[in-house]
Amino acid sequence: MALSRLDSLYMALVADHSKHPHHHGSLAGVEQIQLNNPTCGDVIALSVQFEGEQIADIAFSGHGCTISTASSSMMTDAVIGKTKAQALALAETFSQLMQGQAPAQAKELGDAECLAGVAKFPQRIKCATLAWNALKKAIERDSVN
C-alpha cells in the first residue's frame, strides 16, 4: 500500500524534527526534569525557564527514538512564549490526540498535530508523550515553588 502524499509529508516533518531538533540542549541555571520511557529506552531532560506565568525559554536533551525526539522538538516550538495554563491546555490537547480523538484545538499544536497517527500504535504513545509529561511536571514543580 503506497503512502499518501500527506502521510509522506508528515513522515518527512517527523524525520526533520528528529534529525534537527529545535531547542535542543539545556538552559544554564535551570533545574531539569528528567523522565524516561523504560519500554524503549527514551530519556529526556527538560529545562524550562519561567518568567512569572510565561514560558520564557525551553530546551531538552537526552536520547530517544525518532518519535520521542520529534515530539520533544515539536512540543518546545508549541509552548515557548505561552503561559503555564496555555501550555497545560496544549498538553491536554496532545493527550487527546494520542487517545485517537480529534480535538478542535489540534491546530494549536503546530507541527505536533502531525503525530496524530501515533495513536494507531499503542506501543509508541509513551514515546510521543514523554516530553509533554516532562513539561507538565516542570509546570507543576514551578507552581509549587
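Leaving aside its neighbours within four places in sequence, with which residues is Ser71 in contact? The close-up views below take up this question and the surroundings of Ser71. The model is predicted: local features need pLDDT of at least 70 and side-chain atom pairs count only at pLDDT 80 or more, whereas totals for chains, interfaces and linings use all residues. Residues are numbered from 1 along each chain as its sequence is written, and side-chain values use heavy atoms, with hydrogens and water left out.

View 1. Ser71 belongs to helix 2 (residues 66–79); helices (H or I, at least four residues) and strands (E, at least two) are DSSP runs, numbered from the N terminus. Beyond the neighbours within four places in sequence, Ser71 is in contact with Phe94, Leu115, Ala128 and Trp132, contact meaning heavy atoms within 4.5 Å. With a relative accessible area of 0%, Ser71 is buried (buried means under 20% relative accessible area, exposed over 50%, partly exposed in between; 1.4 Å probe, protein chains only). The side chain of Ser71 also makes a polar contact of 3.2 Å with the side chain of Trp132. A polar contact is a pair of N or O atoms within 3.5 Å; within protein, one must be able to donate a hydrogen and the other to accept it, and residues adjacent in sequence count only if both atoms are side-chain atoms.

**View 2. Packing of helix 2 with helix 4.** Helix 2 and helix 4 (residues 122–144) pack at an angle of about 35°, their axes being 8 Å apart. Axes are lines fitted to C-alpha atoms, for helices over the stretch in contact, and angles run from 0 to 180 degrees between N-to-C directions. The crossing of the two helices is right-handed, that is, the near helix is turned clockwise from the far one by less than a right angle. From helix 2, Ile67, Ser68, Ser71, Ser72, Met75, Ala78 and Val79 meet Arg124, Cys127, Ala128, Leu130, Ala131, Trp132 and Leu135 of helix 4.

View 3. An open sheet is formed by 3 strands in the order 1-2-3, with antiparallel pairing; two strands pair if DSSP finds at least two bridges between them. Strand 1 and strand 3 stand at the edges with a single partner strand each, so one side of each is left without a neighbour in the sheet. From one strand to the next, the twist averages 20°. Helix 2 lies across strand 2 and strand 3, running at about 170° to strand 3. Helix 4 packs on the sheet and touches strand 1, strand 2 and strand 3, its direction making about 35° with that of strand 2.

**View 4. Strand 2 and its two hairpins.** Of the 10 residues of strand 2 (residues 42–51), 7 are buried, so this strand is largely enclosed by the rest of the structure. Strand 1 (residues 32–37) pairs with strand 2 over 6 bridges, and the hairpin they form has 4 residues between the strands, with Gly41 in the turn at a positive phi of about 90°. Strand 2 pairs with strand 3 (residues 54–63) over 9 bridges; their hairpin has 2 residues between the strands, and Gly52 in the turn has a positive phi of about 65°. Leu46 of strand 2 stands opposite Ile33 and opposite Phe60 in strand 3. Val48 faces Ile58 in strand 3, while Ser61 in strand 3 is the bridge partner of Ala45.

**View 5. Leu35 on the covered face of strand 1.** The covered face of strand 1 consists of Ile33, Leu35 and Asn37, and the uncovered one of Gln32, Gln34 and Asn36. Leu35 counts as buried, at 18% relative accessibility. Not counting residues up to four places away in sequence, Leu35 touches Asp42, Val43, Ile44, Leu130, Asn133, Ala134 and Lys137. The C-alpha atoms of Leu35 and Lys137 are separated by 9.6 Å, the two residues being 102 residues apart along the chain.
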